[in-house]
Amino acid sequence: MGEGSLRVAMRDHPQGMVTEDDFLIEKGPRPTPGPGQALVRVRHLSLDPYMRPMMNPVRSYVEPLKPGQTMPGATVGEIVESNEDALPVGTQVACMLGWQEYGLVAKDSARIVDLGAGDLSLALHVLGMTGATAHYGLLHLGDPKPGETVVVTAASGAVGSVVGQLAKIRGCRVVGVAGGPEKCRYVKEELGFDECLDHRADDFAAQLAELTGDWVDILFENVGGPVLDAILPRMNDHGRVVLCGNISDYNRDEPYGIQGISHLLLHRVNVYSFVIADHREYWPKAIGELAGWVKEGRIRFREDVAKGGLEGAPAAFINMLTGRNFGKQLLEVAPSSVGGAAGN
């Protein structure tokens, strides 16, 4: 194990669609833990849509990245050196170390992962941020009732796939929206959604109208753009929109906007926008319940794990942003010594 540590930084703010040239890969010294710190060797990195708007120099809920800064991101790994009794060597942790091979944590910046709940990588999705996002967004904000119709966009993705399954647990009728027949088959046949529509189909709007004859009570929105505009006219009176993501706009120089915004007023629809980082106190409740449902087989998932180490992060990130991944997008930074990253 060499003494260096690779990292991936943003070379400059992208113009339009992000490319591999927008990233800088460099090797520096491996960090040395100080008092109360521990050194983590990163095993897996989570690649998520929220990282793309952070690369834009605009006001947001977090400070935008500056050229030369390490790309952010959730990670899991193993403590390999420690000056903190609460984090002994060999402990498996989840932390926010970003796109790098090694990083420093303290006891309040690392979550010890209970491997009894499943593979370490699950702490990056269904038993981590994306799972908590789905749980909070649907169950707390959306408040689904049995028999209601729930539409989930990006239904095969890390958040959407869990949202739909939670809606089924609550007794709802669930219609997913995904990109392509293969993803739609997965959403319906493996995840158990009632229906799934391919938003690329020429007759998408007509199919949506046919499947939502009793209107849409809850829209869990991850995509935005034309997909959102097709769904808004189908909203029920006093329906709820949970606004979680807007991935269709992340690589646009000019925002698409919401052309159907009038339907929100006409049907007195409540819109809830949120970022799960604002609700860390909710995570233990969400992850605890999700862990039970995963063990019972009521929540299923799929991982798309890119291999080849940190050098492959930019390409895997672009694949995720353009919808070429299938399931939660992870990068294997280093082979794990504590089990694999298999999905259900």
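Predicted model: local features only at pLDDT ≥ 70, side-chain atom pairs only at ≥ 80, totals over all residues.

Modeller: Residues are numbered from 1 along each chain as its sequence is written, and side-chain values use heavy atoms, with hydrogens and water left out.

Colleague: Which residues touch the most other members of the largest nonpolar core?

Modeller: A nonpolar core is a set of buried Ala, Val, Leu, Ile, Met, Phe, Trp, Tyr and Cys residues joined through side-chain atoms within 4.5 Å, where buried means under 20% relative accessible area, exposed over 50% and partly exposed in between, with a 1.4 Å probe and protein chains only. The largest core has 77 residues, and those touching the most other members are Trp 99, Val 105, Leu 138, Leu 166 and Phe 317.

Colleague: With which residues is Leu 166 in contact, leaving aside neighbours within four places in sequence?

Modeller: Leu 166 is one of the buried residues of helix 3, and contact means heavy atoms within 4.5 Å. With those sequence neighbours left aside, the partners of Leu 166 are Ala 134, His 135, Leu 138, Leu 139, Leu 290, Trp 293 and Ile 299.

Colleague: Why is helix 3 described as largely enclosed by the rest of the structure?

Modeller: Helices (H or I, at least four residues) and strands (E, at least two) are DSSP runs, numbered from the N terminus, and helix 3 covers residues 158-169. Its cover includes helix 2 (129-142), strand 8 (149-153), strand 9 (173-178), strand 11 (216-221), helix 8 (283-295) and strand 15 (328-332). Helix 3 is largely enclosed because, of its twelve residues, the number buried is ten.

Colleague: Which element gives the largest share of the lining of the largest cavity?

Modeller: On a 1 Å grid over the protein atoms alone, a cavity is a set of points where a 1.4 Å probe fits but cannot get out, and lining residues have an atom within 4 Å of a point. The largest cavity has a volume of about 70 Å³, and of its 13 lining residues the closest to the centre are Ala 158, Ser 161, Phe 301, Arg 302 and Lys 328. The largest share of that lining, three residues, comes from helix 3.

Colleague: Which elements do the buried residues of helix 9 pack against?

Modeller: Seven of the nine residues of helix 9 (residues 313-321) are buried, so this helix is largely enclosed by the rest of the structure. The buried residues include Phe 317, Ile 318 and Leu 321. They pack against strand 1 (4-10), strand 2 (23-29), helix 1 (51-54), strand 14 (303-306) and strand 15.

Colleague: Does Pro 88 count as buried, partly exposed or exposed, and what is its relative accessibility?

Modeller: Pro 88 lies in the loop between strand 4 (75-82) and strand 5 (92-95), where it touches Ile 79 and Ser 82, not counting residues up to four places away in sequence. Its class is partly exposed, at a relative accessibility of 42%.

Colleague: How far apart in space are Leu 122 and Val 177, C-alpha to C-alpha?

Modeller: Leu 122 sits in the loop between strand 7 (110-112) and helix 2, and at 4% relative accessibility this residue counts as buried. Leu 122 and Val 177 are 55 residues apart in sequence, and their C-alpha to C-alpha distance in space is 24 Å.

How values were computed: Expected span 1.5 Å × (residues − 1). 1 Å grid on protein atoms, 1.4 Å probe; cavity = no way out; pocket = protein on both sides within 12 Å on 5 of 7 lines; lining within 4 Å. Points joined across faces, edges and corners; volume = space filled by probe spheres on them.
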